[in-house]
Every structure is written in C-alpha cells, then in structure tokens.
Amino acid sequence: APPRASNGSREGAAGTWLRTQLAPGEVITAQSGVFERDPQESSTTDEELSRAGSPGSRGGSGSSSTTPDYGEKRLPQALIIGVKKGGTRALLEAIRAHPDVRAVGTEPHFFDRNYEKGLEWYRNVMPKTLEGQITMEKTPSYFVTNEAPRRIHSMAKDTKLIVVVRNPVTRAISDYTQTLSKKPEIPTFEVLAFKNRTLGLIDASWSAIRIGIYALHLENWLQYFPLSQILFVSGERLITDPAGEMAKVQDFLGLKRIVTEKHFYFNKTKGFPCLKKPEDSSAPRCLGKSKGRTHPKIDPDVIHRLRKFYKPFNVMFYQMTGQDFQWEQEESDK
C-alpha cells in the first residue's frame, strides 16, 4: 500500500503533546514544514561533492581505504540519517572499517539541500563498489527534514536507515557548544533555551532543543518506513561499548561481524574510543579535535527544567521504538 500522505490536518501524539507545552498559538508538528537549516551544522560544500563524484576520485571523497578504479557507482542501500551531535561521525568511521562497506566521507545533504540536482548527481557522489558491497552515506540533518522520508522512499522503499540517538539534554548542550566554538558572541545556553524563563517556558523552536524531540520526528518517518527498516543506535553505548553497538549495526546491515573489540582503543584523554585496524600496528585513529569539546557549565536549574520537558517525549520515543535508552536512569545516577 502507498504510504500515508503527509498533510497539515494530521497531527501525531508527539505534536499534540508539544502543543500543550508551548504558549498559545505556537504549534510545532511533524507536518509543520521544513525545519530551517542550522548554519552552524557542519556542512559539505558543492566543491567537495564535485571532487567526490569526479572521475579519478578513486571511489569518492573519504571512502574507506583505497578502492581500485573498478566497480560501479550505486545509490546507497543504507543511510545514517541522524542525529546531529549524536555520534554519527564515530559510527561512520567504525562501519567504514568493514571491507564490505563503502561510504562517502563528506555529507552529501542530498535529501535536504541538493535534491533538485537529481539522482544521477547523487549517484555520482557515491564511491565505486563491487558486487556484494554496501554503499552508505551519512547526513544527520535528514532526521529533522520534513521531506526526507518521502524522498528517500521514492528512491528505494527498502533503504535501511540508521539513527544515532543520545540523551537530548546532553545533545542540546553539545550542539550549543559547537555553535559557540564558531560564534563566541552568541547568547548563553540559558538565554536561548527559554521563551520565558520566569514561566519556565522552553523554546522548542530553537533547533538545539527541537532536534532532541525524537518522537516528533520519528512520527514523520513511520509514515513511510516500517520500524524493522530503522535501527536506533545509542550514542552513549557507542562510547562505552563500541563493539557491542557495532555488532547490532553489522547484523542490521546483513554483514558478517568483522568490526569487533579488536578495532577499538579507549583514549582516556578525549574520553572516546579510537579506531584501529587489528592487523595494523600504526597509531589508532581518533576523531578530530572538534569532537569531545568541553561543555560550558550550565545552570543546574535549566538542566532540571529541560529534563522535565524532554521526559514525556523520551517515554513516547521508547514506546514507539520498543527500546528503553534509560536517559532518565542515567540522570538519576548523577
């Protein structure tokens, strides 16, 4: 059966709940149109993409290991669609260590910013693969882009989707920290997080807050894709147990479990696992200096209010996915 059409009259449970959290007249639903582009999100330039898709690029910009100049460019069978500051780069780097995966290192932003360029342009950005290899890409902003589910479904309705999720409060602070590093003059997190701090009214229109309302965005995807085609990866466990999370990812993609604990080394300074090839004696490859930035100290009262704001959405998300990410448990342990 064709997917249920997205229209302005339908409002899911998450949208209804969110409306009760906002001031009168301020409604945000999964159908409320394209979420605006956050200029601070790491982006891929057209120049990088044209280099990725040019002949002689030997498999695309940043594809895993050197791919011989044979095979063919295929549209991706699997996409990492989100979420920003959830751990998507760490996941991409880890899955690229698998010999049966070829992935674009840059973010194509096809289904949100470059869709008018057409599928042939998109295919040309992909690395060359041999029969049996999986082509992948990651663009974290897809998860919050209203048109992305319909567009991906029209490309291939059996596309496998991976979403890396993380405690939405920590994710919002990480998002703000990234913006702050590029624009030190922006207001404090506390100022941006509220429409009215006295009334405790959270500003759910600020992208740093809105991205973490996972249940709201997921409603949009479930109109086009069954849950069985979406894998939710825990950003927290990707740090504490990378091999365990990667086992799930490989199973989901139908791959042999080749990326295992032998591939990871924990860097105590950064507080992140680093990737190494088991047969390789060279130094482990860690994520760049932009990852693992020290977060600014946030007023505990603001964190408490944000936890209260997110809790019903988190519970809804757990019910929708059938997975308990234990973010509330994690907070009570602190």
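Biologist: How many helices and strands does the protein have, and what share of its residues counts as buried?

Modeller: The model is predicted, and local features are drawn from residues with pLDDT of at least 70. The protein contains 13 helices and eleven strands. Of its 334 residues, the share that counts as buried is 52%.

Biologist: What percentage of the contacts with a separation of 6 or more comes from residues 24 or more positions apart?

Modeller: The count takes the contacts in the protein with a separation of 6 or more. Within that set, the part contributed by residues 24 or more positions apart is 74%.

Biologist: In which order do the strands of the open five-stranded sheet stand, and which strands are at its edges?

Modeller: The sheet is open, its pairing is parallel, and its order is β3-β5-β2-β6-β9. Two strands, β3 (101-103) and β9, have a single partner strand each, so one side of each is left without a neighbour in the sheet. From one strand to the next the twist averages 25 degrees. The edge strands are therefore β3 and β9.

Biologist: How many bridges join β6 to β2, and how many join β6 to β9?

Modeller: β2 and β6 run parallel and are joined by four bridges, with Gly-82 opposite Val-163 in β6. On the β9 side, Val-164 has Val-233 as its bridge partner. The pairing of β6 with strand β9 (residues 230-234) is also parallel. The counts are four bridges to β2 and five bridges to β9.

Biologist: Which residue of β5 does Ala-78 stand opposite?

Modeller: β2 pairs with strand β5 (residues 134-138) in the parallel sense over three bridges. In this pairing, the residue of β5 opposite Ala-78 is Met-136.

Biologist: Which helix lies across β6 and β9, and at what angle does it run to β9?

Modeller: Five of the six residues of β6 are buried, so that strand is mostly covered by the definition of burial as under 20% relative accessible area. The helix lying across β6 and β9 is α11 (residues 242-252). Its angle to β9 is about 170 degrees.

Biologist: Is helix α5 mostly covered or mostly uncovered, and which elements are included in its cover?

Modeller: Six of the eight residues of helix α5 (residues 148-155) are buried, and the helix is mostly covered. The buried residues are Ala-148, Pro-149, Arg-151, Ile-152, His-153 and Met-155. The elements covering them include β2 (78-82), α4 (119-125), β6 (160-165) and α9 (214-222).

Biologist: Which residues does Phe-317 contact beyond its neighbours within four places in sequence?

Modeller: With those sequence neighbours left aside, the contacts of Phe-317 are Val-165, Tyr-214, Ala-215, Leu-218, Phe-232, Phe-325 and Trp-327.

Biologist: Why does Glu-219 count as buried?

Modeller: Glu-219 belongs to helix α9. Neighbours within four places aside, it is in contact with Gly-12, Ala-13, Ala-14, Gly-15 and Met-320. Burial requires under 20% relative accessible area, and Glu-219 is buried because its value is 8%.

Biologist: Where does UniProt place the feature "active site", and is that residue buried or exposed?

Modeller: The unreviewed UniProt entry places this feature at Lys-85, a residue in the loop between β2 and α3. The UniProt annotation "binding site" also covers Lys-85, along with others including Thr-88, Arg-166 and His-295. With a relative accessible area of 13%, Lys-85 is buried.

Biologist: What is the relative accessibility of Thr-88?

Modeller: Thr-88 is located in helix α3 (residues 88-95). Thr-88 counts as buried, at a relative accessibility of 5%.

Notes:
Residues numbered from 1 in each chain as written. Predicted model: local features only at pLDDT ≥ 70, side-chain atom pairs only at ≥ 80, totals over all residues. Heavy atoms only, no water. Buried < 20%, exposed > 50% of the residue type's maximum accessible area, 1.4 Å probe, protein only. Contact = heavy atoms within 4.5 Å. UniProt positions renumbered as here; feature names shortened; annotations may be inferred. Pairing = 2+ DSSP bridges. Axes fitted to C-alpha atoms, helices over the stretch in contact; angles between N-to-C directions.
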